[in-house]
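Biologist: I am new to this structure and would like to go through its charged contacts with you. Could you bring it up, please?

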Amino acid sequence: MDPLVYDTKTVNGVELEVAVANPGGERGLALLVHGFPESAFSWRFQIPMLAEMGYEVWAPNTRGYRNSDKPPKVSDYSIDHLLDDLGALIDLSGHERVTLMAHDWGAIQAWMFAIRKVRPLERLVIMNVPHPTCGQRELRRFRQLRKSWYIFAFQIPKLPEWALLRNDARPIAEVFTSSTRDPNRFPPEITDEFRRSAQRPGAMTAMVNYYRALVRGARSARKEVLAPVDTPTLMIWGEEDVALSKETTDGTDEYVRNLTLRFLPGVSHWVQQESPEEVNTMLAAWLNDEPVPEADEIRSARLPDPALH
């Protein structure tokens, strides 16, 4: 089912499985970073479009996922290690022009990558994860704290792995099917890809360790002074996100100097998989320095004119 073409890249002491398209692309590197409990497969609709636009596209299965290495310690999944992986991938690509595009856990990494200026970025695309300052603000409010209950549940040893892998990893499929607004986007042949990835030896523990490392590093993270993001940034947000409220986007422009923000009403957290037509339309316009349409503009353009019927 997975149509992607993979290569193995050795970076930062680990081997990462990376989906690669259009080697040598003249527009530079588009580095696509997935979230939990996904994989590079979550970018299957964007990779061909970006390659067609002239980018060399790399979509890694980040450490712990699919066939990438799965280091055993919680500390192996600290934000410092994750950012070092991304920086090493960029170095290995040989490209100086880099567009970093990310969703969910990938977007947590991408925000910090841009804030810390780990490597120069030409553009940044964030999907359904707030800027760290906005996220920390909302976590002090019960509305968002209630939505984020699973982060704290993941701190329990071994139990989350057992819960997610039971019944042939059916709960992994249900992460998508129970929260999407368009179940047709997540038939069994799609969710099976993510179920099989999570069932690889050591994978589920590695995937949960992202959250364990996040909480263990929270105290030092709160002390870090976050520089403003100078990189031109496109933020795409599915409004029906069950884990993150729309309010977490409020005030993003205070921390990002060149921000374009677009909302997708009626779309869940899984934006690039659930609404690829709209996401790709917005991406293509923004990457080509054209006005980025709102969701209703894209949708109305696809509807037949009732006057003609």
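Biologist: How many salt bridges does a search of the whole structure find?
Modeller: The search finds 21 salt bridges. Please keep in mind that this is a predicted model.

Biologist: Which residue does Asp230 meet in a salt bridge?
Modeller: Its partner is Lys117; the side chains meet at 3.4 Å, N to O.

Biologist: Where in the chain do Asp230 and Lys117 sit?
Modeller: Asp230 is in the loop between helix H10 (218-223) and strand E7 (233-238). Lys117 is in the loop between helix H3 (105-116) and strand E6 (123-127).

Biologist: Moving on, what does the side chain of Glu240 meet?
Modeller: Glu240 forms a salt bridge with Arg181, at 3.1 Å from N to O.

Biologist: Why does Glu240 count as partly exposed?
Modeller: Because its relative accessibility is 32%, and partly exposed covers the range between the buried cut-off, under 20%, and the exposed cut-off, over 50%. Arg181, at 49%, counts as partly exposed by that rule.

Biologist: What about Glu239, which residue does its side chain meet?
Modeller: The side chain of Glu239 meets that of Lys246 in a salt bridge of 3.1 Å, N to O. Glu239 has a relative accessible area of 24% and is partly exposed. Lys246 is partly exposed too, at 34%.

Biologist: Which residues are linked in a network of salt bridges?
Modeller: Asp80, Arg116 and Glu224 are linked in such a network.

Biologist: Changing topic: where is Pro23, and is it buried or exposed?
Modeller: Pro23 lies in the loop between strand E2 (14-21) and strand E3 (29-33). Pro23 is exposed, with a relative accessible area of 64%.

Biologist: What distance separates the C-alpha atoms of Pro23 and Glu239?
Modeller: Those C-alpha atoms are separated by 35 Å. Along the chain, Pro23 and Glu239 are 216 residues apart.

Conventions
Residues are numbered from 1 along each chain as its sequence is written. This is a predicted model: local features need pLDDT of at least 70, side-chain atom pairs count only at pLDDT 80 or more; totals for chains, interfaces and linings use all residues. Side-chain values use heavy atoms; hydrogens and water are left out. A salt bridge is a side-chain nitrogen of Lys or Arg within 4 Å of a carboxyl oxygen of Asp or Glu. Helices (H or I, at least four residues) and strands (E, at least two) are DSSP runs, numbered from the N terminus. Buried means under 20% relative accessible area, exposed over 50%, partly exposed in between (1.4 Å probe, protein chains only).
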